[in-house]
Amino acid sequence: KKIKGNHAQDCIAVSLIKGVHFDSKGMVLISDMIKEGLNGMDVSVLMGANLAKEVAGGAFCETTIGYNIEENGKLLHTIFNDPLFHVTI
């Protein structure tokens, strides 16, 4: 709630939250809930089977970025991709 309305108009978000939510209509993506809470800001998702301890310890890890806007997926790939943290979009 603190971010809502207190960010640049061209901001994008990336969620590292795993899981889904269910409401009276069925399954709701967490990224859609975040998007709604941020007045429609584009939200991409970084998902992988890595444990934080592995990433922090410098072990080789892989992840995937899910996106709606390809340009944002490519930008996040540039930000997160590393020789020890392989990112697929």
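Biologist: Is Phe-22 buried or exposed?

Modeller: Phe-22 is exposed, its relative accessible area being 57%. Please note that this is a predicted model. The label applies because exposed means a relative accessible area over 50%.

Biologist: Which strand holds Phe-22?

Modeller: Phe-22 belongs to strand S2. Strand S2 covers residues 20-23 and runs antiparallel to strand S3, residues 26-29.

Biologist: How many bridges join S2 to S3?

Modeller: There are four bridges between S2 and S3. For His-21, the bridge partner in S3 is Val-28.

Biologist: And how many residues lie between the two strands of that hairpin?

Modeller: Two residues separate S2 from S3 in the hairpin.

Biologist: Let us change topic. Where is Ser-31 found?

Modeller: Ser-31 sits in helix H1, which comprises residues 30-37.

Biologist: Does it count as buried or exposed?

Modeller: Ser-31 is classed as buried because its relative accessibility is 13%, and the cut-off for buried is under 20%.

Biologist: What is Ser-31 in contact with, leaving aside neighbours within four places in sequence?

Modeller: With those neighbours set aside, Ser-31 is in contact with Val-43 and Val-45.

Biologist: Now the whole protein. How many helices and strands does it have?

Modeller: The protein contains three helices and six strands. Along the sequence these elements follow the pattern β-β-β-α-β-α-β-α-β.

Biologist: What does the C-alpha trace span?

Modeller: Along the principal axes, the C-alpha trace spans about 40 × 30 × 25 Å.

Biologist: What percentage of the residues is buried?

Modeller: Of the 89 residues in the protein, 22% are buried. Ser-31 belongs to that buried class.

Biologist: One more item: among contacts between residues at least 6 apart in sequence, what percentage joins residues at least 24 apart?

Modeller: In that set of contacts, 51% link residues at least 24 apart in sequence.

Terms used:
Residues numbered from 1 in each chain as written. Predicted model: local features only at pLDDT ≥ 70, side-chain atom pairs only at ≥ 80, totals over all residues. Heavy atoms only, no water. Pairing = 2+ DSSP bridges. Buried < 20%, exposed > 50% of the residue type's maximum accessible area, 1.4 Å probe, protein only. Contact = heavy atoms within 4.5 Å.
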